[in-house]
Amino acid sequence: MPETIALHPAAPWVELKSTEADWAAADPALLKELLAQMALIRAFEEKVLELAGEGLVHGPAHSSIGQEGGAAGSIVGLRPTDQVNGSHRGHHQFLAKALAYVAPGLDPTAPLSDDTHALLHRSLAEILGLEPGFGHGRGGSMHLRWGEAGAIGTNAIVGGGVPLAAGAAFAHKRAGTGDVAISYFGDGAVNIGAVLETMNLAAAWDLPLLFFIENNGYAVATTVEEATRETRLSGRGTGFGIPSFKVDGMDPLAVHLATQEALKIMRAGKGPAVIEADVYRYFHQNGPLPGSAFGYRTKEEEAQWRARDPIKRTGAVLVARGVLTQDDLDALTERAQAAMADAAARLVEPVGNKRRVKPDMWPDVSFVDEGIRGDLSELSGKRAEEEATYRGGLSERKFVDAIADVLHRRFETDERFVIMGEDIHKLKGGTNGATRGLAAAFPDRCLGTPISEGAFAGLAGGIAMDRRYRPIIEFMYPDFMWVAADPVFNQIGKARHMFGADVPVPLVLRTKIAMGTGYGSQHSLDPAGVFATSPGWRIVAPSTPFDYIGLMNAALACEDPVLVIEHVDLYQTSGAIPDGDLDYIIPFGKAKVVRPGGELTILTYSAMVHRSREAVEELGLDAEIIDLRSLDRAGLDWDTIGESIMKTNNVLIVEQGSLSTSYGGFLADEIQRRYLDWLDQPIQRVTGKIASPTISKVLERAAFAGKEEVIAGLAVTMAAKGMPLPGLPGAAR
Ligand SMILES: Cc1ncc(C[n+]2csc(CCOP(=O)(O)OP(=O)(O)O)c2C)c(N)n1
């Protein structure tokens, strides 16, 4: 018989319960603030539901009524500089943090301050999608952010905010402030990868992040028991070595005490903690009906939870202790409701027997696409250089070494930069050597990550939005963006615009095109086409070491997220770089005429610039080759492109990768809208085949475009121009 030895989690896992004695001994000021916060939040949410019932809340209103104890219990007592974020059900945490900021020590017997009224007004306005809101109505109920108050954004993607909060925690830790971040999410979110990956990363890196699980028993109508076998959700933390607490979330004092324990751990530099608070939402997933109306739970169950209401309980204790009277409690409710009536009256008005939004409260529709990206003023005044006109000395340098050089230089000159990715701190600079020397020179700023693209991309997004540090992340292969699609596209790519145009996300993502290396279908993406669908991202794809340095410097100075596309075919090539000068930029939006010509215009980027040049030279054509360099919608250099098209009247777009994810479709569409009258033939394209390249060497080569395919594309273009090339195909595609 083999011996079995019981193993136990290394981290403590406890349930914390308050006692009558704790309630009797609790500081009256604490209990009063908890009560005042919860009463205001309750009145706020009741007003939201009332307005939702009248059709005045566009989209869902996920009510937090019943769950106030978890929010107030954990937030009262935080520092203003601590930060919180949350999920689709986040009004209560947002308000608690913002109230603690504008009205610390909120007194349930005192009139509300002007700042408190303003907070309620702006919060309600945001939920109604109106101009006075924190995000000018863009964010609405699920994207509430007031950075100044430490409320760094609620999130409509279940679990999506958790890695972002890890970024805030990273910044706190690195800055050595002792501040913490709390991320709130539901029992449903416990099962999503973003949460579990972030638990692992936060624990591995000792980040001061509190994972606060609001277990209200249901994810919409699905019960915890249906969704998972281990229904004691706080146990998730122990799997990652995180001290974990379970607490009754209807007991705000118990939540507060558990939070104090968690804060001790986090502020002492001992890393994250988990709190699972059992709470109950009195209403359905969203809207003003109870859950029982939808048949997934009973009225009896709802009544049992309502009997344990956190506001009633706290009020009753304060009355029993002689701190407040019943009249005080009644007055508190009235005051809170009056404040909300006032907030609503500033936003909506009666029309007949209905109400409507006051017309002048809507955001101006001209605001619709404003602030997708920044204005690049941060680059003005920076020295721009071009290889062709550079006045200083130039020397040959391997492309991959130029990458390491410029990163090293920026790390030297600006302590805010941190870089993270898989194995980038080992193997002489990651799998390709692009981060060579960084870990040795800057060990605490060149960070090897666990294999968690979602978590570390999201974490970097959180660091970027925090703005004390400037993250660079590396995806070993571009295809891994699908693993991290939520942070990359839903969070980083949208944050600035979604939160009202004033949330910069200065982040650089490096990755490499690796077609031709035999890594197959899941490692052979050119990410440009997909990223071009995400307008918050800037995209650059340098083809020479000189351009790489300049574009990387622009990317690192930029207040927007920038994708820097590298290419395995370029790493070992050499090109000229300035002697002792790694400080210039190449501005976004400047294409480069690599080879002037009059017969046709080739638009291309990255390694295909070189394949195009080889093809043109082999055929002896008079083609103009333009290296686009900046690829995103805002970065296209229409002056250079347009001038060339108006000269040649024929366009061939050349890219290496699969047609299906290609970039050229987007570019061709833009060109025909702008220059149709100047085109003598349809825009021609060179791309790979329909599917992503597979591993068999011959199939892989057949799947992507190289010099031979560019030659074929040139032949088609020239034939359509009426100048077929001898011995080459002449039929239009
Ligand atoms: C990734 C993702 N999947 C699904 C949804 C749709 N959705 C929104 S809320 C929700 C339930 C979430 O349950 P839970 O995490 O327990 O939070 P609660 O609503 O109970 O507060 C679902 C499925 C979503 N927004 N994001």
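Eight residue pairs are in polar contact between domain 1 and domain 2, both residues at pLDDT 80 or more. A polar contact here is a pair of N or O atoms within 3.5 Å; within protein, one must be able to donate a hydrogen and the other to accept it, and residues adjacent in sequence count only if both atoms are side-chain atoms. Helix 6 (161-175) and helix 7 (193-204) each supply at least two residues of the domain 1 side. Helix 6 gives the largest share, 10 residues. Helices are DSSP runs of H or I, at least four residues; strands are runs of E, at least two; both are numbered from the N terminus.

A word on the source. This is a predicted model, where local features need pLDDT of at least 70, side-chain atom pairs count only at pLDDT 80 or more, and totals for chains, interfaces and linings use all residues. Residues are numbered from 1 along each chain as its sequence is written, and side-chain values use heavy atoms, leaving out hydrogens and water.

Now, how many salt bridges cross the interface of domain 1 and domain 2? The rule finds one. A salt bridge means a side-chain nitrogen of Lys or Arg within 4 Å of a carboxyl oxygen of Asp or Glu. Arginine 174 and aspartate 444 meet in a salt bridge through their side chains, at 3.2 Å, N to O.

Next, the area. About 2500 Å² is buried between domain 1 and domain 2. Carbon and sulfur atoms give 63% of that. Buried area is the accessible area (1.4 Å probe) that two parts lose on being put together, summed over both.
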